[in-house]
Amino acid sequence: MDQLLDAFVTAASGAAEDQLGVLLAAHASPVITRVIGSRLGAGSSDADDVRAQVLLQLMLRLRHGRIEHTLGAIDAFSAYVAAAAHHG
């Protein structure tokens, strides 16, 4: 499992949401912004909507993965986020 996910996976329930927020804001959001910008163009009016949708989907997948104990399969979080953004 990617080390970036470790704090989220091992945190107590209440702290896990805080860790998820940090993970999304500090690590996922910049990757998503870069991928969406390259796909749609920097000035695209749809970029913010697509970025928000990808963040929401990622948040839901990570929460589900934490409950189901499936996040160990993610070896490179940045690549995982980039793939999600590319397909978002």
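Predicted model: local features only at pLDDT ≥ 70, side-chain atom pairs only at ≥ 80, totals over all residues.
Residues are numbered from 1 along each chain as its sequence is written, and side-chain values use heavy atoms, with hydrogens and water left out.

**Fold and dimensions**

- The protein has four helices and zero strands, in the order α-α-α-α from the N terminus (helices are DSSP runs of H or I with at least four residues, strands are runs of E with at least two, and both are numbered from the N terminus).
- The radius of gyration is 13 Å, close to the 12 Å that the globule rule gives for 88 residues, so the protein is as compact as a globular protein of that length (the radius is taken over C-alpha atoms, and the rule is 2.2 Å times the number of residues to the power 0.38).
- The C-alpha trace spans about 40 × 25 × 20 Å along its principal axes.

**Burial and core**

- Of the 88 residues, 31% are buried (under 20% relative accessible area; exposed is over 50%, partly exposed in between, with a 1.4 Å probe and protein chains only).
- The largest nonpolar core has 23 residues, and Ile32 and Leu62 touch the most other members (such a core is a set of buried Ala, Val, Leu, Ile, Met, Phe, Trp, Tyr and Cys residues joined through side-chain atoms within 4.5 Å).
- Two or more residues of this core come from each of α1 (3-10), α2, α3 and α4 (77-87), and α2 gives the largest share, nine residues.

**Contacts of individual residues**

- Leaving out residues up to four places away in sequence, Ile32 touches Arg51, Val54, Leu55, Leu58, Val81 and Ala85 (contact means heavy atoms within 4.5 Å).
- Ser29 lies in helix α2 (residues 13-40) and counts as buried at 9% relative accessibility.
- Beyond its neighbours within four places in sequence, Ser29 is in contact with Leu24, Arg51 and Leu55.
- Arg61 lies in helix α3 (residues 47-68) and counts as partly exposed at 37% relative accessibility.
- Not counting residues up to four places away in sequence, Arg61 touches Tyr80 and Ala84.
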